[in-house]
Amino acid sequence: MLRFLTAGESHGWGIAAVLDGMPAGVDVSEEELSAELFRRRKGYGRGARANIEDDRVLIASGVIKGKTMGAPICVIIPNNDYENWKGKYVPILAPRPGHADFAGMVKYGFDDCRPVAERASARETAARVACGYFAKKLLEKENIKVVSWVVRIGSISAELPPLDERMSKKEVSERLFELAECSELRCPDLEATERMKKLIDEARERGDTLGGIFEVAVIGVPVGLGSYVQWDRKLDARLAAAVMSIQGIKGVEFGMGFGLSEMVGSEAHDPVTLPKRPSNRAGGIEGGVSNGEIIFIRAAMKPIPTLQLPLQSVDVRTKEERSAHVERSDVCAVGSAAVVAESMVALVMADALLEMRGGDRW
Ligand SMILES: Cc1cc2nc3c(=O)[nH]c(=O)nc-3n(C[C@H](O)[C@H](O)[C@H](O)COP(=O)(O)O)c2cc1C
Ligand SMILES: C=C(O[C@@H]1CC(C(=O)O)=C[C@@H](OP(=O)(O)O)[C@H]1O)C(=O)O
């Protein structure tokens, strides 16, 4: 069983994670891990914090001579911003609508929302990406690859670029990913990227924020990961929970997802033909089990909750109406969320692979 826990607050000393259950013998490197962390941190629309952090990562345990040992892996990512916050306490007195502030404060009995904001923050996703890196390396040994790209920012949708009709779905996914890596928003449509950037600039000027939609594809998946025999073993349910757990994600669908509900069965389902099926409207999972096709996941992220032109809120001490707390923030982080989703998907896929194949060493 592959499992992980994270610890750490956004402006505390740092973020850490323990990943348990990685088999021995997987080649890993701090350089590659740092590159993954960079992919998450960068991106048009991110705030000033992204330039403060450099996400230098320490692998504190579980790796010897560049290979995993089968022992728990501990990763530590110091927060550079800690030096600027040390010894200071900035209370959050007016909960930000859309953030965890209000519900968290009531739940844990605080008299302001700062402790909530510190742990609810997506700074924690740096640790998820670190764990996801190890999962990706395990999957790579089985030629399974996880890729992602952004398809919408606010009201602007990407037109996915015309790709050669002779390309396989695998090649198409890989090409979309390559194009996404060239875009500051991780969107394969480079023309739409320019309009999306303008939309982000306009939102920033108005003191507003944006969300969007991204897609994740898992290529090279064998038949049989996950199971229909129990609800909590279904691969789609596990992947949906993993992606939904990312800060700001409000919807997840597989293949044609909600679109399938409008179709008749004869149009919706993918005929079974050998050696390959002609379509993949199911998105690679039937009955909670991978069916050998590419797994396609689409997820929606809501706009960032911290607004520079804030919504109405209430002072939690005086109970008087006032504007929500304002502080430094991202304007849009959909591309970063997509990288986090790749990591979460890789962790679920690696767990399902280990379940099916077993193995202490790889
Ligand atoms: C990569 C990433 C960066 C984020 N940056 C911010 C931010 O700068 N400001 C903010 O208010 N919310 C940000 N969020 C979203 C909040 O963390 C999230 O909305 C909040 O934790 C509440 O969780 P929920 O939206 O899932 O309910 C970010 C989310 C992600 C994934
Ligand atoms: C620090 C990260 O994301 C943070 C997530 C976040 C939030 O509220 O979720 C708020 C912002 O933090 P700050 O107020 O320090 O600028 C983001 O920068 C990161 O992704 O590394």
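Helix α1 is followed by G43, whose phi is positive, near 135°. Helices and strands are DSSP runs numbered from the N terminus (helices are H or I with at least four residues, strands are E with at least two). The structure is a predicted model, in which local features need pLDDT of at least 70 and side-chain atom pairs count only at pLDDT 80 or more, whereas totals for chains, interfaces and linings use all residues. Residues are numbered from 1 along each chain as its sequence is written, while chains are lettered from A and ligands numbered from 1 in the order in which they are written.

**Confidence**

The mean pLDDT of the protein chain is 97, with 100% of its residues at 70 or more; pLDDT is the predictor's confidence in each residue, from 0 to 100. For the complex, the predictor gives an ipTM of 0.99 and a pTM of 0.98.

**Helix α1**

Helix α1 spans residues 30–41, 12 residues in total, and reaches 16 Å from its first C-alpha to its last, close to the 16 Å expected at 1.5 Å a residue. The expected span is 1.5 Å times one less than the number of residues. Buried in α1 are L33, E36, L37, R39 and R40. They lie on the same side of α1, because they cover an arc of only 155° around the axis; the arc is that of the directions from the helix axis to the C-beta atoms. A residue counts as buried if 20 or more other C-beta atoms lie within 10 Å of its own, as exposed if 12 or fewer do, and as partly exposed in between, with C-beta atoms placed from the backbone. The buried residues of α1 pack against α6 (125–141) and α11 (334–357), where contact requires C-beta atoms, placed from the backbone, within 7 Å of each other. The face turned away from the buried side carries the exposed residues E31 and A35.

**Surroundings of the ligands**

A residue is near a molecule if its C-beta atom, placed from the backbone, lies within 6 Å of it. Ligand 1 is surrounded by 21 residues, of which A122, Q247, T306, D330 and A333 are the closest. Helix α11 gives the most to this shell around ligand 1, with 3 residues. Ligand 2 has 15 residues around it, and R49, S121, A122, R123 and R328 come nearest.

**Backbone features in loops**

N143 is a residue other than glycine with a positive phi, near 60°. It lies in the loop between α6 and β8 (145–153). N143 counts as exposed, because it has 10 C-beta neighbours inside 10 Å. R186 likewise is not a glycine, and its phi is positive, about 60°. The loop between α7 (169–181) and α8 (190–206) holds R186, and this residue is buried, with 25 other C-beta atoms within 10 Å. A cis peptide bond joins L274 and P275, with omega at about 0°. P275 is found in the loop between α10 (265–268) and β12 (285–286).

**Residue G265**

G265 is found in helix α10. This residue is exposed, with 7 other C-beta atoms within 10 Å. From C-alpha to C-alpha, G265 and R49 are 49 Å apart in space, and they are 216 residues apart in sequence.

Note on methods: Contact = placed C-beta atoms within 7 Å.
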